[in-house]
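Please consult the sequence and the structure shown below while reading.

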Amino acid sequence: MSNLLLVATERGLYSFQRDGEGWREVCHSLKDSSVTTVIAREGVILAGTTEGLYRSDDLGRSWREASEGLAHRHVRWLAYHPDISDREFAGTEPAAIFISRDGAESWHECPEVGELREQHGWFLPYSPEAGCVRGFAFHGPRAYAAVEVGGVLRSDDGGERWRLAEGSSGKPDFDTPVEGFIAPDVHSVGIHPSSPDFVLAATHLGLYRSENGGRHWEHVYGDCYSRAFWLDPSDADHIIFGPATPSQWNGRIEETRDGGRTWQAAQTGLEMPRRVLVERFEQVGDELFAVLSNGLLFAAPLATLEWRQFLPNVSNVAAVTGMAE
């Protein structure tokens with residue numbers, strides 16, 4: 001069970017410790033940094049910011065910079081390889097992937113990602129930078145990365161080398177893709193534990209699924225804009241999804257238990273303002289957390305999906321993760 005909850009915000013990182021049925025704040029650190037992403041395992045916390053990476057070995061009480069080799073310092077997402085200790089990945093803006101093989105003591109860029117970025121002209125509609133990498137998923141030697149605006153990247157050697165998934169053109173446009181291809185504005189990606197070939201991705205045109213490693217994509221939920229989903233690790237047909245209208249308005253939470261054939265509302269207790277949607281879902285223990293685009297954080301038991309605002313005094317939330325002490 002996760003006994004420590006880490007909440008990344010535009011004004012630093014908050015650490016909360018489980019206290020009975022609730023959480024008690026124990027630390028607020030990196031107060032001068034805009035923390036965009038956080039990961040933790042084996043007693044080590046890594047925090048990505050708009051100006052580099054930081055590492056803590058004492059549950060967030062003290063930090064040291066860990067950006068050696070990080071050529072692009074705006075970190076959009078961090079992940080660790082679930083099967084390899086001290087193997088971490090950083091996705092940046094502009095779109096690049098950096099890998100650490102020594103617990104974030106040093107970072108090395110995967111040059112083929114930069115080559116794809118330049119070849120296809122990846123971009124961001126809200127930033128002058130050339131796209132960004134904003135999500136990772138791992139299953140043994142298989143890995144995927146989400147590129148905004150660029151597509152889905154795939155690795156077959158544990159994230160050492162990357163290429164475009166076959167059903168991702170790399171062309172950064174907002175046109176409807178041809179059948180079998182995925183929309184290129186990809187915001188998150190996930191793998192089901194049952195197979196490295198079973199992958200989901202949230203895009204500006206909705207939710208896509210591939211059951212053959214990204215060679216062919218099926219449009220599971222269309223006619224919407226999306227950034228977040230949660231895939232039940234014990235049931236590949238059970239998905240919680242955060243769609244919005246194509247104009248990014250009217251965000252909501254829906255659920256399917258039949259692989260996307262039917263969907264039901266799943267947002268009891270949650271009323272989102274008109275121009276708000278779910279940015280990220282993160283499971284911590286038996287609860288699901290939802291980071292909203294207005295910076296608020298909500299949580300719900302997975303058994304009931306009855307949402308409540310979590311930490312109402314903490315705003316500008318960007319990411320959340322749990323850690324076992």
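W263 counts as buried, because its relative accessibility is 19% and buried means under 20% relative accessible area, with exposed over 50% and partly exposed in between (1.4 Å probe, protein chains only). The model is predicted: local features need pLDDT of at least 70, side-chain atom pairs count only at pLDDT 80 or more, and totals for chains, interfaces and linings use all residues. Residues are numbered from 1 along each chain as its sequence is written, and side-chain values use heavy atoms, with hydrogens and water left out.

**Aromatic rings**

The structure contains 11 aromatic pairs; rings of Phe, Tyr and Trp (its six-membered ring) pair if their centres lie within 6.5 Å, and planes under 30 degrees apart count as stacked, over 60 as edge-to-face and the rest as tilted. The rings of F241 and W263 are tilted, because their planes stand at 50°, with the centres 5.8 Å apart. This pair links distant parts of the chain, 22 residues apart: F241 belongs to strand β21 (residues 239-244), and W263 to the loop between β22 (254-256) and β23 (264-265). Helices (H or I, at least four residues) and strands (E, at least two) are DSSP runs, numbered from the N terminus. F241 is also buried, at a relative accessible area of 0%. Elsewhere, ring pairs join F89, F136, F138 and W162 into a cluster. The charged end of R280 sits over the ring of W77, 3.6 Å from its centre; this description requires NZ of Lys or CZ of Arg within 6 Å of the ring centre and within 35 degrees of the ring normal.

**Nonpolar cores**

A nonpolar core is a set of buried Ala, Val, Leu, Ile, Met, Phe, Trp, Tyr and Cys residues joined through side-chain atoms within 4.5 Å. The largest has 34 residues, of which L13, I45, I97, W122, F136, L153 and W162 touch the most other members. Apart from this core lies another of 18 residues, including I240, V276, F281 and L288.

**Helix α1**

R117 lies in helix α1 (residues 111-120). In this helix, E112, V113, G114, L116 and R117 are buried. Just after α1, G121 adopts a positive phi of about 70°.

**The open sheet**

An open sheet is formed by 4 strands in the order β16-β17-β18-β19, with antiparallel pairing; two strands pair if DSSP finds at least two bridges between them. β16 (186-191) and β19 (218-221) are at the edges with a single partner strand each, so one side of each is left without a neighbour in the sheet. Within the sheet, β17 (residues 199-203) and β18 (residues 206-210) pair over 5 bridges. L200 stands opposite R209 in β18. A201 is located in strand β17, and its C-alpha atom is separated by 10.0 Å from that of D185, 16 residues away along the chain.

The table concerns contact, meaning heavy atoms within 4.5 Å, and leaves aside neighbours within four places in sequence.

| Residue | Among its contacts |
|---|---|
| I97 | F89, H108, V113, F136, L153 and W162 |
| R117 | H72, P94, E109, W122 and A130 |
| A201 | I182, V186, L207, W217 and F229 |

R117 is buried, with a relative accessible area of 11%, and A201 counts as buried at 0% relative accessibility.
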